[in-house]
Amino acid sequence: MFLYPLIFMMIRKNTFNENTISYAGLGHSPCNMLEKCTGYCPIWYWLLSLIIGGSATVWGFSMLNFPEIPLYAGLIILFSGLISQTVILFPDIIDKFVSVDMKTIKGLKLMLIITVLLSIILIALRVIIITFLI
């Protein structure tokens with residue numbers, strides 16, 4: 001749950017590094033980073049990825065442990081969570097398709113909205129699977 005975004009971010013180290021972050025007027029100090037930071041800040045994207053992928057990963061793996069729940073139900077939840085978590089870890093690609101600069105605070109707020117929407121979709125998917133497929 002915690003390692004997937006970290007490994008993914010290490011693979012994409014050119015996107016998520018301290019060089020893409022500029023601390024406007026802070027003298028390179030990370031204090032009050034949410035208000036002044038621009039760039040693909042690794043901490044915030046790791047947290048957003050953890051928010052969305054953490055719950056789906058736990059749901060998927062827990063569903064795999066119960067023999068009365070079909071194997072495919074747990075796998076669907078697990079893989080949809082990993083896919084959603086991966087979407088959050090591509091802010092540079094999302095930046096090409098939206099009008100908001102994803103390196104700004106507005107972009108981080110947009111990514112938070114995307115995270116919430118994907119979380120709602122995953123919850124709905126889990127409810128549908130439990131209601132109709134099990």
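User: How do I read the angle between two helices, and which angles count as oblique?
Analyst: Happy to start there. Angles under 35 degrees count as roughly parallel, over 145 as roughly antiparallel, 65 to 115 as roughly perpendicular, and the rest as oblique. Keep in mind that this is a predicted model. Here, the axes of helix H1 (residues 3–11) and helix H4 (residues 71–88) cross at roughly 40° and come within 11 Å. H1 and H4 are therefore oblique to each other.

User: Which hand does the crossing of H1 and H4 have?
Analyst: The crossing in which H1 passes H4 is right-handed. On the H1 side, the contact is made by Tyr4, Pro5 and Phe8, while H4 supplies Leu82, Gln85 and Thr86. Sorted by class, the residues of this contact are four nonpolar and two polar, with no charged ones.

User: Let's step back. What elements does the protein chain have?
Analyst: There are six helices and two strands in the protein chain. Along the sequence, they follow the pattern α-β-α-β-α-α-α-α. Of the 134 residues in the chain, 37% are buried.

User: And how do I judge what share of the contacts comes from residues 24 or more positions apart?
Analyst: Take the contacts with a separation of 6 or more in the protein chain: residues 24 or more positions apart account for 65% of them.

User: Back to H1. Which of its residues are buried?
Analyst: Pro5, Phe8 and Met9 are the buried ones in H1. Seen down the axis of H1, these buried residues fall within an arc of 100°, so they line one face of the helix. They pack against helix H3 (42–64) and H4. Turned away from that buried side is a face of H1 with the exposed residues Leu3, Met10 and Ile11.

User: Could we look at single residues? Is Phe8 buried or exposed?
Analyst: A residue counts as buried under 20% relative accessible area. Phe8, in helix H1, has a relative accessible area of 17%, so Phe8 is buried. Leaving aside its neighbours within four places in sequence, Phe8 is in contact with Thr86, Leu89 and Phe90. Phe8 and Leu89 are 81 residues apart in sequence, with a C-alpha to C-alpha distance of 7.7 Å.

User: What about Gln85: buried or exposed?
Analyst: Gln85 is found in helix H4. Its relative accessible area is 1%, so Gln85 is buried. Beyond its neighbours within four places in sequence, Gln85 has contacts that include Met1, Tyr4 and Pro5, and also Ser49, Leu50, Ile52, Gly53 and Thr57.

User: How is a pair of packed helices described?
Analyst: Two packed helices are described by the angle between their axes and the distance between the axes. For H4 and H6, the angle is about 175° and the axes are 11 Å apart. That makes H4 roughly antiparallel to H6.

User: Which residues meet where H4 packs with H6?
Analyst: From H4 come Tyr72, Ala73, Ile76, Ile77, Ser80, Gly81, Ser84, Val87 and Ile88; from H6 come Met111, Ile114, Thr115, Leu118, Leu122, Leu125, Arg126, Ile129 and Leu133. By class, this contact has 13 nonpolar, four polar and one charged residues.

User: Can we end with one of those residues? Where is Ile114 found?
Analyst: Ile114 is found in helix H6 (residues 105–133). Setting aside its neighbours within four places in sequence, Ile114 is in contact with Ile88 and Ile94. From C-alpha to C-alpha, Ile114 and Ser84 are 9.8 Å apart in space, and 30 residues separate them in sequence.

Definitions and conventions:
Residues are numbered from 1 along each chain as its sequence is written. This is a predicted model: local features need pLDDT of at least 70, side-chain atom pairs count only at pLDDT 80 or more; totals for chains, interfaces and linings use all residues. Side-chain values use heavy atoms; hydrogens and water are left out. Axes are lines fitted to C-alpha atoms, for helices over the stretch in contact, and angles run from 0 to 180 degrees between N-to-C directions. Helices (H or I, at least four residues) and strands (E, at least two) are DSSP runs, numbered from the N terminus. A crossing is left-handed if the near helix is turned anticlockwise from the far one by less than a right angle, and right-handed if clockwise. Contact means heavy atoms within 4.5 Å. Ala, Val, Leu, Ile, Met, Phe, Trp, Tyr, Cys and Pro count as nonpolar, Asp, Glu, Lys and Arg as charged, and the others, Gly among them, as polar. Buried means under 20% relative accessible area, exposed over 50%, partly exposed in between (1.4 Å probe, protein chains only). The arc is that of the directions from the helix axis to the C-beta atoms.
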